[in-house]
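Visitor: I would like to learn how to read some features of a structure. Please put it on the screen, and we can go through it in turn.

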Amino acid sequence: MSGLPSFRAVMLMVIAVLVVTVAAGGVVVILGDDLVSTTSEPSGESVRSPRPQQPRPTPRLDEIVPSAEPVKDFGEGGPSVTPTPPRVLAIAPAAVPKQARFRLGELAHVQKVIVVDAGAVKVSGTGLNLLAVDPSGFRSWTPKPVADQPGVWSALTRGELVADAGTMRKYGMVLGAMYQVDGGPRLRVAASATLGLKGVDGLVSADLGRSLGFAPGVAVLLHGKPGKISESGVRRLLGKDAQILLLDAADRAARKRVPEQQQPKSVNVGRPGSYLELYKASATRCPGLSWTVLAAIGQVESGHGRNNGPSSAGALGPMQFMPATWKHYGVDGDGDGKADIWSPYDAVPGAANYLCANGAGKGGEKLRKAIWFYNHSWEYVNKVMGIAEAYARTYA
């Protein structure tokens with residue numbers, strides 16, 4: 001008889017030594033029989049470098065065959081996903097009407113809204129609260145380590161469960177195991193991640209949620225400035241029976257301890273005879289903010305008043321404000337007694353007011369983030385900063 005252990009014995013030994021650790025903020029994914037962890041440490045063993053592969057030539061358009069096959073796996077894609085973390089999570093008693101969704105987006109400080117399906121299942125009598133989401137559209141609503149992990153989103157497209165790390169620890173769930181839903185299908189826990197969604201035990205795909213009988217369009221996530229979205233405003237639109245969870249409670253507590261300095265509603269810059277002088281006068285209302293940044297935004301948004309909108313998104317005036325944002329940050333810049341979104345003498349100092357409220361006067365990354373709040377795109381931020389530098393050279 002051979003002295004070598006049997007194949008079955010080898011497999012039992014491999015399974016016995018496999019340990020999966022879910023670190024706080026980390027992501028662990030099981031795909032097939034492989035374990036992939038974003039928090040794994042290098043083994044320290046010497047590994048022979050693979051032979052470099054020659055880059056494949058980009059195929060011509062007449063060589064690419066159109067396909068209607070559904071997405072099976074998510075890749076890293078292009079630029080990294082920019083997280084827009086939810087500040088408020090609300091569960092409405094019924095599907096949220098389209099008009100209510102629009103009105104939620106118009107609330108002060110709300111910058112982004114998404115509505116998804118939600119439901120609860122029981123696994124061996126243990127209740128789990130789940131959201132049913134479209135993997136491609138929900139990535140930015142999760143923390144960056146989760147959004148950047150393709151395995152998480154591929155697992156959802158395959159009809160598998162992505163469980164919150166806290167839920168895994170609380171109930172002793174095993175990554176990669178199959179769990180029988182009471183009165184339903186068996187679900188495989190393919191990934192575990194710190195989702196940052198209070199009261200939510202995991203994610204499934206929208207298709208799976210429908211098959212499980214989840215309530216359509218009842219879960220609302222709102223993104224905006226931390227600690228600023230009005231809980232009462234959300235409840236007014238969703239009804240008194242809505243459950244509202246403040247995911248930015250720490251920021252709200254900090255704001256109560258240190259009241260935010262009120263921005264002036266009247267900032268008289270007069271009526272300068274040129275946009276150059278208007279940008280310079282308006283920038284003085286925010287110490288530390290360069291007039292070139294205002295000028296760059298004015299150039300990108302309207303070509304300095306040559307294309308005042310309304311835009312396809314509903315933005316108005318030479319600085320392209322959304323009406324809800326203008327309602328909070330608009331100012332009377334020329335002292336005529338009204339804050340007019342269409343008037344450059346009000347709109348430009350209004351833009352300075354908005355940027356300053358988001359920390360633009362502090363410069364550096366604070367300035368870049370303030371510009372990002374103006375238009376949620378890092379490409380937009382880079383474009384504005386590039387134009388601002390060009391103005392600085394031209395008018396030095």
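Guide: Helices (H or I, at least four residues) and strands (E, at least two) are DSSP runs, numbered from the N terminus. This is a predicted model, in which local features need pLDDT of at least 70 and side-chain atom pairs count only at pLDDT 80 or more, while totals for chains, interfaces and linings use all residues. Residues are numbered from 1 along each chain as its sequence is written, and side-chain values use heavy atoms, with hydrogens and water left out.

Visitor: Which residues of helix H8 are buried?

Guide: Buried means under 20% relative accessible area, exposed over 50%, and partly exposed in between (1.4 Å probe, protein chains only). In helix H8 (residues 231–238), Gly233, Val234, Leu237 and Leu238 are the buried ones. Viewed down the axis of H8, these buried residues fall within an arc of 120°, so they line one face of the helix. The arc is taken over the directions from the helix axis to the C-beta atoms. Ser232 and Arg236, on the other side of H8, are exposed. After H8 comes Gly239, which has a positive phi, near 105°.

Visitor: How many residues of strand E10 are buried?

Guide: E10 spans residues 215–224, and eight of its ten residues are buried, so the strand is largely enclosed by the rest of the structure.

Visitor: Which strand pairs with E10 over four bridges, and which is joined to E10 by seven?

Guide: Two strands pair if DSSP finds at least two bridges between them. Strand E3 (residues 88–91) is the partner with four bridges, in the antiparallel sense. Strand E4 (residues 110–123) is joined to E10 by seven bridges, and these two also run antiparallel.

Visitor: How many salt bridges does the count come to?

Guide: Side chains of opposite charge can pair when their charged atoms come close. The rule used here is a side-chain nitrogen of Lys or Arg within 4 Å of a carboxyl oxygen of Asp or Glu. By that rule there are eight salt bridges. Glu231 and Arg235 are four residues apart in the helix, about one helical turn. Glu231 has a relative accessible area of 31% and is partly exposed; Arg235, at 28%, is partly exposed as well.

Visitor: Are Glu160 and Arg188 buried or exposed?

Guide: Glu160 and Arg188 are both buried. Their side chains form a salt bridge at 3.2 Å, N to O. Glu160 lies in the loop between helix H5 (150–157) and strand E6 (161–164), and Arg188 in strand E8 (residues 186–193), so the pair ties together parts that are 28 residues apart in sequence. Arg158 is linked with Glu160 and Arg188 in a network of salt bridges.

Visitor: What is the N to O distance between Lys144 and Asp148?

Guide: Their side chains meet in a salt bridge at 3.1 Å. Lys144 is partly exposed at 38% relative accessibility, and Asp148 is partly exposed at 23%.
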